[in-house]
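Here is a short report for a first look at this structure. It moves from charged pairs to the core, then to a helix and the surface.

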Amino acid sequence: MPVRVVALGGGHGLAASLAALRRVTPDITAIVTVADDGGSSGRLRQEFGVLPPGDLRMALAALCGDDDWGITWSRVVQHRFGGYGDLAGHSLGNLLIAGLWDLLGDPVAGLDWVGRLLRVTGRVLPMAAVPLDIVAVVEGADPSRPREMSKVRGQASIAVTPGRVRSISLLPVDPPAVPEAVSAILAADWVVFGPGSWFTSVLPHLLVPSLRAALAATPARRLVALNLVPQPGETAGFSPHRHLEVLADHAPSLSFDTVLADRRAASGAEGELEKAAGLLRASLVLCDVAAADGTRHDPVRLAAAYRKVFGEWCPHGDDGRGEGRAQPDPGGETVLPQDGGVHAAAVRGRAEPDRRADRDRGRT
């Protein structure tokens with residue numbers, strides 16, 4: 001039976017993770033942040049009161065296959081209209097998703113129909129049943145007052161804030177989760193957080209009460225995939241271990257099993273990163289998962305890293321989670337962690353360009 005994986009996040013980070021995960025297992029559920037208030041998504045949200053479709057669209061495109069059908073439909077849903085008319089700046093996929101929601105009156109059913117059309121691997125679900133706003137507490141949002149704390153509302157504004165984000169909250173408070181998302185987490189073998197925009201794509205999942213409760217109750221193992229570089233504005237100046245410290249602050253009672261980091265990105269800071277992983281009660285895994293430019297994840301290399309980590313605990317073993325069985329992998333070398341230590345996996349993979357990337361997040 002294939003490993004059941006739930007991936008949490010949004011935007012390009014989640015898309016990178018999904019492009020890798022679909023190479024590992026057909027049983028994937030993406031649970032996507034629904035707080036975008038900028039670009040095409042923000043316009044559709046404001047005009048029709050719908051969930052912002054942009055991050056959901058990117059997740060669907062990332063789960064498309066590598067055959068002609070998948071490549072073509074991925075390009076179709078990512079296509080963005082130019083010009084200066086009413087459609088300028090809108091993504092065709094956003095309009096398709098919003099149209100199905102308007103027709104069917106059900107966000108989950110609409111996304112399932114798009115998934116059937118694109119023949120995606122797995123399923124894409126919204127994080128919550130209502131659109132959300134993120135409110136960030138920011139230090140130094142006014143450069144003339146670097147120590148002053150202020151609040152910044154809205155994902156688009158937070159992403160470009162000149163200050164340092166200290167914490168986030170959601171509006172409405174205690175939003176309802178999509179029931180299918182809760183069920184997927186409870187039935188998973190692995191739950192994957194990140195990579196992605198830390199405060200606006202990854203951490204918001206922990207602030208939805210029923211998702212947080214499911215994450216605490218699930219028998220699934222939990223993995224954190226770290227970013228390769230800090231994000232300008234939102235996490236400028238963050239070290240890899242600072243990402244983990246912030247995660248621990250937002251989820252003090254939630255333990256993790258694995259922290260996956262790129263070997264080159266972590267170079268020189270392995271000790272601090274291992275200590276931060278200990279805050280989450282997780283083992284640190286270092287792999288070569290970046291593309292040649294070092295700024296984006298290579299889907300083949302990231303898939304190899306996921307396959308290696310998942311393979312150490314074969315699902316549905318004697319204890320239902322396959323505790324402790326390492327799987328051979330001719331593409332690398334594995335040293336199993338002992339007493340919470342580091343295990344380094346040398347993963348070699350062919351770099352592959354990401355045809356689906358929509359680089360400008362402000363246009364989602």
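## Salt bridges

A salt bridge here is a side-chain nitrogen of Lys or Arg within 4 Å of a carboxyl oxygen of Asp or Glu. By this rule, the count is 13 salt bridges. This is a predicted model: local features need pLDDT of at least 70, side-chain atom pairs count only at pLDDT 80 or more, and totals for chains, interfaces and linings use all residues. Residues are numbered from 1 along each chain as its sequence is written, and side-chain values use heavy atoms, with hydrogens and water left out.

One of the bridges joins the side chains of Arg 23 and Asp 66, at 3.5 Å from N to O. Arg 23 lies in the loop between helix H1 (11-21) and strand S2 (28-32), and Asp 66 in the loop between helix H3 (54-62) and helix H4 (68-78), so the pair ties together parts 43 residues apart in sequence. Helices (H or I, at least four residues) and strands (E, at least two) are DSSP runs, numbered from the N terminus. Arg 22, Arg 23 and Asp 66 form a network of salt bridges.

## Two more pairs

Arg 153 and Asp 133 meet through their side chains at 2.8 Å, N to O, in a salt bridge. This pair links distant parts of the chain: Arg 153 is in strand S5 (residues 149-153), Asp 133 in strand S4 (residues 133-139), 20 residues apart. Buried means under 20% relative accessible area, exposed over 50%, and partly exposed in between (1.4 Å probe, protein chains only). Asp 133 is buried, at 14%.

Glu 139 and Arg 147 also form a salt bridge, at 4.0 Å from N to O. Glu 139 counts as buried at 12% relative accessibility. Arg 147 counts as exposed at 74%.

## The nonpolar core

A nonpolar core is a set of buried Ala, Val, Leu, Ile, Met, Phe, Trp, Tyr and Cys residues joined through side-chain atoms within 4.5 Å. The largest one has 105 residues; Leu 18, Phe 193, Val 224, Tyr 306 and Phe 310 touch the most other members. Helix H13 (residues 299-312) gives the largest share of this core, 6 residues.

Contact means heavy atoms within 4.5 Å. Beyond its neighbours within four places in sequence, Val 224 is in contact with residues including Phe 193, Trp 198, Leu 244 and Leu 280.

## Helix H11

Which residues of helix H11 (residues 240-250) are buried? Among them are His 241, His 243, Leu 244 and Leu 247. The cover over the buried residues of H11 includes strand S8 (221-225) and helix H12 (270-279).
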